[in-house]
Amino acid sequence: MQGIGTFENSKGKVVIDTEVIATYAGAVAVECFGIVGMAAVNMKDGLVKLLKKDYLSHGIDVTVDENNEISIDFHLIVSYGISISTVVDNLRENVKYKLEDFTGMKVKRMNVYIDGLRVID
């Protein structure tokens with residue numbers, strides 16, 4: 001994660017750390033239908049691990065550019081048998097709307113990586 005989000009209003013300057021943005025985006029993402037949770041990939045042996053809800057910002061990379069625009073990468077585990085394109089469209093729509101409303105900043109880019117599938121009983 002790099003950069004911090006900043007904006008000014010009539011009362012002063014507001015600074016938002018990228019960790020806060022990632023945690024909020026993770027909370028919104030796990031509310032979306034078809035998303036089981038965030039994924040952590042062990043680069044050494046290629047294993048994908050489902051992260052607990054306590055680690056909502058893990059599996060999410062946030063950058064804020066010089067124009068104060070957010071780029072975000074999600075690494076997700078989704079439910080087996082659900083249309084991935086529908087899940088991703090829903091995720092993008094919800095996260096973009098809620099993140100822009102929450103931060104007052106523009107979401108420039110969202111990349112979604114499906115790192116695993118889970119069968120839900």
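**Aromatic pairing**

By the ring-centre rule, how many aromatic pairs does the count come to? The count comes to 1 aromatic pair, where rings of Phe, Tyr and Trp (its six-membered ring) pair if their centres lie within 6.5 Å. This is a predicted model, so local features need pLDDT of at least 70 and side-chain atom pairs count only at pLDDT 80 or more, while totals for chains, interfaces and linings use all residues. Residues are numbered from 1 along each chain as its sequence is written, and side-chain values use heavy atoms, with hydrogens and water left out.

A pair of aromatic rings is described by the distance of the centres and the angle of the planes. Here the partners are Tyr 24 and Phe 102, and they are stacked, at 3.9 Å centre to centre with 10 degrees between the planes. (Planes under 30 degrees apart count as stacked, over 60 as edge-to-face and the rest as tilted.) The pair links distant parts of the chain, with Tyr 24 in helix α1 and Phe 102 in helix α2, 78 residues apart. Tyr 24 counts as partly exposed because its relative accessibility is 26%, and Phe 102 gets the same label at 42%. For those labels, buried means under 20% relative accessible area, exposed over 50% and partly exposed in between (1.4 Å probe, protein chains only).

**Overall layout**

The protein chain has 2 helices and 7 strands, and read along the sequence they follow the pattern β-β-α-β-β-β-β-α-β. Helices (H or I, at least four residues) and strands (E, at least two) are DSSP runs, numbered from the N terminus. Of the 121 residues, 37% count as buried.

Contact here means heavy atoms within 4.5 Å. Among contacts between residues at least 6 apart in sequence, 64% join residues at least 24 apart.

The largest nonpolar core has 28 residues. Such a core is a set of buried Ala, Val, Leu, Ile, Met, Phe, Trp, Tyr and Cys residues joined through side-chain atoms within 4.5 Å. Those with the most contacts inside this one are Ile 21, Ile 70, Ile 72, Phe 74, Leu 91, Val 95 and Leu 99. Two or more residues each come from α1 (18-31), β3 (35-42), β5 (60-64), β6 (69-79), α2 (84-103) and β7 (106-118), and α1 gives the most, with 6 residues. Take Val 95: leaving aside neighbours within four places in sequence, Val 95 is in contact with Ala 25, Val 28, Ala 29, Phe 74, Glu 100 and Met 110.

Buried residues in α1 are Thr 18, Ile 21, Ala 22, Ala 25, Gly 26, Val 28, Ala 29 and Val 30. (The expected span is 1.5 Å times one less than the number of residues.) At the start of α1, a side-chain oxygen of Asp 17 reaches to within 2.7 Å of the backbone nitrogen of Glu 19. Asp 17 itself is found in strand β2 (residues 12-17) and is partly exposed, with a relative accessible area of 39%.

**Around the β5-β6 loop**

Asp 65 is found in the loop between β5 and β6. The backbone nitrogen of Asn 67 lies 2.9 Å from a polar atom of the Asp 65 side chain, and a polar contact of 3.2 Å joins the side chains of Asp 65 and Lys 108. A polar contact is a pair of N or O atoms within 3.5 Å; within protein, one must be able to donate a hydrogen and the other to accept it, and residues adjacent in sequence count only if both atoms are side-chain atoms.

Most residues other than glycine have a negative phi. Asn 68, in that loop, has a positive phi of about 65 degrees although it is not a glycine. At 18% relative accessibility, Asn 68 counts as buried.
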